[in-house]
Amino acid sequence: MAEVLLFHHAQGLTDGVRAFADQLRAEGHTVHAPDLYDGRTFSDLKEGVGYAGQVGFGTILERGRAAADGLPNEIFYAGFSLWVMPAQMVAQRRSCAKGAALFHSCVPPSEFGGSWPQGVPLQIHMMDGDEWVLPPEQDLAAARQLAETVDGAELFLYPGDRHLFADSSLPDYDESAATLLKERVLGFLTGLG
C-alpha cells in the first residue's frame, strides 16, 4: 500500500477533502492531510484564494514543504486545485517520489526550478470546460504539455465545467466524475505500492 501526502484546496481542509482522504485510507493507504489554513475553511473559492493571498502564497507553500519534512521521500504526493502547488513542488524537489496526482490544477514544472523528475509517474485530473484551467489560465496547457512530454504522465479530462468536482462537500461536486477520479487514483496507487 502507498503512503500519500494530500494537500487540500483553496477553500481549506473541507469535509469533502477529509472524506477523500478517508476513502484512500479505507483501501489500506496511509494518508497525511495537513491543514495549511490552521482550521479555516471558506464557503467560496474566491474567498479562499483571497485568504491565501493575505497569508502569502509563499507562506502556504512553505507550510506544504514543512508538512513533507519528517515523512519519507518515497511517498506519493497529491493536491487539489490551488494547493496542487506544494504537491508538485515537493514531488519535483524531493528525491525518490513514488508519484503524484494533481486534481483541478497544474503549473509548469519550471515554476519550481526545473523539469518533471524522470521516472516519477503523474496523473492530472481536470474538467475540460473549467474556467479556472482554461485560458487565460495556463493550467490545462501545462497539463497537456506534461502529458505529451513526460513518460508516465496521464491527463484525464472529464466532461463539464465544474472546478472542485471531487469534493463531496461543495456545490461543484460531480458524483460520476469524482467516482471515476477516485477509481483511477486508487488504481494508480495500487500500481505504485
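Two strands count as paired if DSSP finds at least two bridges between them, and the strands themselves (E, at least two residues), like the helices (H or I, at least four residues), are DSSP runs numbered from the N terminus. The model is a predicted one, in which local features need pLDDT of at least 70 and side-chain atom pairs count only at pLDDT 80 or more, while totals for chains, interfaces and linings use all residues. Residues are numbered from 1 along each chain as its sequence is written, and side-chain values use heavy atoms, with hydrogens and water left out.

Six strands form an open sheet with parallel pairing, and their order is β2-β1-β3-β4-β5-β6. Strands β2 (30–32) and β6 (153–158) stand at the edges with a single partner strand each, so one side of each has no neighbour in the sheet. On average, and with direction ignored, neighbouring strands of this sheet are turned by 15 degrees against each other; such angles are taken between axes, which are lines fitted to C-alpha atoms (for helices over the stretch in contact), and run from 0 to 180 degrees between N-to-C directions. Within the sheet, β1 (residues 3–7) pairs with β3 (residues 76–80) in the parallel sense over four bridges, and Leu5 stands opposite Tyr77 in β3.

Helix α6 (residues 175–192) packs on the sheet and touches β1, β3, β4 (99–103), β5 and β6, its direction making about 180 degrees with that of β5; contact here means heavy atoms within 4.5 Å. Helix α5 (residues 139–149) lies across β5 (122–127) and β6, and runs at about 140 degrees to β6.

Two packed helices are described by the angle between their axes and the distance between the axes. The axes of α2 (residues 45–55) and α3 (residues 57–68) come within 5 Å and cross at roughly 90 degrees, which makes α2 roughly perpendicular to α3, a term for angles of 65 to 115 degrees. Where they meet, Val49, Tyr51, Ala52, Gly53 and Val55 in α2 touch Phe57, Thr59, Ile60 and Arg63 in α3.

Two loops hold backbone details to look for. In the loop between β5 and α5 lies Pro136, joined to Pro135 by a cis peptide bond with omega of about 15 degrees. Ser81, in the loop between β3 and α4 (84–93), has phi near 50 degrees, a positive value in a residue other than glycine.

Terms used
Parallel < 35°, antiparallel > 145°, perpendicular 65-115°, else oblique.
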